[in-house]
Each structure stands twice: as C-alpha cells, then as structure tokens.
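Reader: I'm new to this one. Could you walk me through how to read it?

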Amino acid sequence: MEWLNAENLVAVGTAVLGLAASVAVVWYERRVPRRKRIGFRVQMDTPIGSDARNGGRPNVRFGLFDEFSDLSDATLVLLRIENDGSVGIAGEDYTSRERHGLTAVFADRTIRGIAVTQPLDAVHLMEHFTPVAGLRHDGGTLYLPKVPLNKGQHFKVLALLTGGGVGCDVRVIGGIRDGEVKPNRGMTADDKPPLFSRPARLITVLFTACVITLASIIVIRNDDVPPPPPIGCAKGTLTVTGSTAFAPAAEKLGESYEKACPGSDIKVEPHGSTAGIRALDTAGAEAASSGGSPSVIAFSDGRKPNGYPELRENPVAVSVFTLVVNDRVTVRDLSLDEVRKIYRGEIRNWQDVDGPNMPILLVSRDANSGTREVFQRQVLESNEPANSSRDCRTKDDTNATVIRCELDSTAQVLSTVARLSGAIGYSEPRSAAATKGRHSLSIDGQTASIETLGTSDYPYREIEYAYTYGRPPADSLSVSFINYVTRGAGQDVVRDQGHFPCLSPEGLRLCGGR
C-alpha cells in the first residue's frame, strides 16, 4: 500500500487533530452559554485633604482644595464600569425594578459631587445619565441608570467624597439577566498575561510537532519535484485593455500572475476605459457568434457607459486621482470651487489663485478616458469645455474661453504638463510622482492618498472595475486572473500600486458592499 507511509500518516494525523479541535470549539460555543458581565474597578483613590485619615500622605493644595474647610478629609475616586463580557448589554437586561440599574457604594464616605465621562466613540451614552433615567446619590450611595453597553464599552465615574479615608471599600451592586456584576482588574505595565489558554497551548504544541515532523520527512525525502502552481491557475493568452491610469497596476498584476502560473501570457494593451469597453464588447460579440468566450478583460475607471448589457462588472479597487501642474506654477492647493472656475474659464491666469502671472493651459484626456469621466462626474459635476488647441499651448479657436487640448493617454498628459509652463492636468498619483517637472495639487487641503480614504472627503476618486463579456467558463484564464486580482495575492500588488482593494475589510465599505 503506497499511501501507507510516514508522510501520509503524519498528514492524516494532523487533519484528524484539526477536525477534532474544530468539533471541540463548535461544541464549546453551542453548549457553553456566552455570559453577560459588567466589571468594575477603582482606578484612582487619592486624598485631596489634609486629614490624617488619608494615611498621613503629604500633599500641597491650592485654590478650592485649600479654601473650603469641609474638604479637609476629601478624597477623589475614579471608578471604571465596563462591559467585559462576550455579548452586548441592553437596558432591559438590568433586573432592578427601580429606575436605576446599578448601585455604587462608597463605604464610610459621603458623596459630595460626581462627574461621568465616556470614550469619544461612545458620546451617545451621556443621554442616559439624567435624573429622569435614575441618576442620583444619597449619602455614600450612587444610583446609576440602566445604561446599554456594547461589548468592550465603558464609562467612568469621578466622585468627590468626604468623611472616610483612602482605601475604604468601593463596590458596585446590581443584577444582569443571564449575567453578573463583579470586580475586575486592569493590566499594569508589569503584567504579562498568557498569550494562549492551556488547551490552546496544548493544541498548538501538537500541531507544531505534526507540522515539523511532516516538514522533516519531506526534506529528508528530497524529491526533486517542482512546486505545483497555485490553485486556480489557468494557461493561455489573455488581453487586458481599458484604463491607461490603471495600466501600471495591470502590467504588474500580469507579471505577477505569469510568474505564479507558468503557461499563462497576459498582454496589457491600454487604450482608455471607454475604448476598452468597446473593444471587449466587439470581441465578445464575435466570439459569441461561434459559441465561444473572448479572452479579454477591460479595466474601467468607474462603471461602463450605458448600452453594453452583455458586460459583467467585477469591483477591483478604489482608485484615487490627482490634479497635476507644471513646477513653474507655485500653487499647491486649490479649493473645489476654484477648480470648477478654472475649467469653466472664469479663472484663466494663475495669479488669480495666488500663483505666478502665467496663463492656465488645460491638458486633458480624450473622450475614451475613464479618468476624464471621473473628473467630470466627481469633481466638476459637468463636462469639460471643448477642445480648443492642438499643441496645448495656443488657441486654434479664437472664440474659445480657455486653452484646452486632448491627449490619448495618461503618460502623454504627464509629459505635456511637465513641459509646458502653466499647464494643469490629471493622473493617478503613482505615475504622477514618477514624472519630473510637475507636482500634485491638493483639493481643499486634502491630498490624493489611499491611506486616508476611509476618513477623507477627497472628491477625485472612483471604483476601478474589471469587465468580462458575460460569464466566462469557470476554468478560463479570464476568471482565474480576476480571482487572482480581487481575492488572491494580486490584492497586495493592487495596494502596492496605489489602489485600495475592494475585498479588503475597509475596501468593502468604500466599494459600497458590491
């Protein structure tokens, strides 16, 4: 029996161990109920008066602490109350029949004043701390409302107390349905909690032993067998067309896929988003007439134009774009309103936006450009003015309000902007940064960066889509390449090229869950 060897036995043993661990975890999750728990701890208990009951600790007092004689035995206590259980706690989970849900008792002391604070991400909790909701104090007892707390949420109570010394007992009392209220403790700098529980350590040791044994057997055998290609690889030739702004990323993706999947040939032929969509539709119609599927993918900056019902979209990444100007233009930032006025011809000289006395030259893309479509849709909210110049320097139409030319690719835009004084254009940031003689502009103080996409209102951005003609066969190179780009190692390439992968955790939100 050829399969009955040490390597296979260790592999089967590892699989059985993994299955047993998975079954044990499922059993634990189903049989052991998740507990609701409120924990509390005193984070500070310090004297602010001079009374000897405070342990005789010396202190220096100024202002109110020194002016009021009835604060001579005062102490300050900071009490932290948090949901440290495994599930959230709602207002109805408190079992108290009164309006309040919890009771904080400061033994042998009298409450003179309290302040409640919360983290910045839980400001909404403050609406619960009102007398109507049950917040009050009587003597040394503080009554706290039935505050809903998500898992991990907390609030703090700072209490000004008199009458007792530092270290007097502080406890929180209350009932939680299917849960408990009990003291907890925070980690100090010297604490070193275990990284794993005892069962986790045992399973980890067993897994490690199995893996090391299996690896040792494989090394000792030293079979001169070439490594298999990644699961999902396909062979053949694939043409990638469309966006010139995304072309650098597409080229790197093609090279990376070819290296991972021998026998594949990825040809990147960018001609602009709209031109790529048309080319894909034409190739698809021709292939469909003979019952086939085209080996073509088109990348588009934003969604395809109307009128191509057979094309199927696949969100790939969020792309940001940037305005670029010639280095002789000293301007570094424009407001959104100034950008729109420039492209409407209301601002024609850079000195009108605190720049040099220099006419503004608009260097734009042609109608096939997805980058231009995104610029018009997301920034201008209107179309660019008509083409008025062939050399991007002088007007061919003397009646035109602006000097504007149209070029075929992002690379042509960048080289022209770098060459002509006063020129402004647009590009994706990575290519723009690699071109000398020009610099990027921020819009309303916000730069084109994927690092701040989640928190920024930067307008010049759009989702990058990969389009196929219909649904290609599951084993086709088209499907394999798109899976590699959107779900596999290609996501790292996409990010390295300055785009935000849609299927990353943050990308799912930015891409609208598509």
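This is a predicted model: local features need pLDDT of at least 70, side-chain atom pairs count only at pLDDT 80 or more; totals for chains, interfaces and linings use all residues.

Reader: Which parts does the pair of Glu-313 and Arg-303 tie together?

Author: Strands (E, at least two residues) and helices (H or I, at least four) are DSSP runs, numbered from the N terminus. Glu-313 sits in strand β13 and Arg-303 in the loop between β12 and β13, so the pair ties together parts ten residues apart in sequence.

Reader: How many salt bridges does the structure hold?

Author: It holds 18. Arg-372, Glu-384, Arg-404 and Glu-406 are linked in a network of them.

Reader: Are Arg-365 and Asp-366 buried or exposed?

Author: Buried means under 20% relative accessible area, exposed over 50%, and partly exposed in between (1.4 Å probe, protein chains only). Arg-365 and Asp-366 are both buried, and their side chains meet in a salt bridge at 4.0 Å, N to O. Arg-390, by contrast, is exposed at 75%; its salt bridge partner is Asp-396, with the closest N and O atoms 3.3 Å apart.

Reader: What about the nonpolar core?

Author: In soluble globular proteins, nonpolar side chains tend to be buried together. A nonpolar core is a set of buried Ala, Val, Leu, Ile, Met, Phe, Trp, Tyr and Cys residues joined through side-chain atoms within 4.5 Å. The largest one here has 47 residues, and Leu-334, Tyr-343, Trp-350, Phe-375 and Ile-424 have the most contacts inside it. Apart from it lies another core, of 28 residues, including Ala-122 and Val-181.

Reader: And where is the empty space?

Author: Rolling a probe the size of a water molecule over the atoms shows where empty space is left. On a 1 Å grid over the protein atoms alone, using a 1.4 Å probe, a pocket is an open set of points with protein on both sides within 12 Å along at least five of seven lines; lining residues have an atom within 4 Å of a point. Of the 15 residues lining the largest pocket, Arg-312, Asn-314, Ile-482, Asn-483 and Arg-487 are the closest to its centre. Helix α10 gives the most to that lining, with four residues.

Technical notes. Residues are numbered from 1 along each chain as its sequence is written. Side-chain values use heavy atoms; hydrogens and water are left out.
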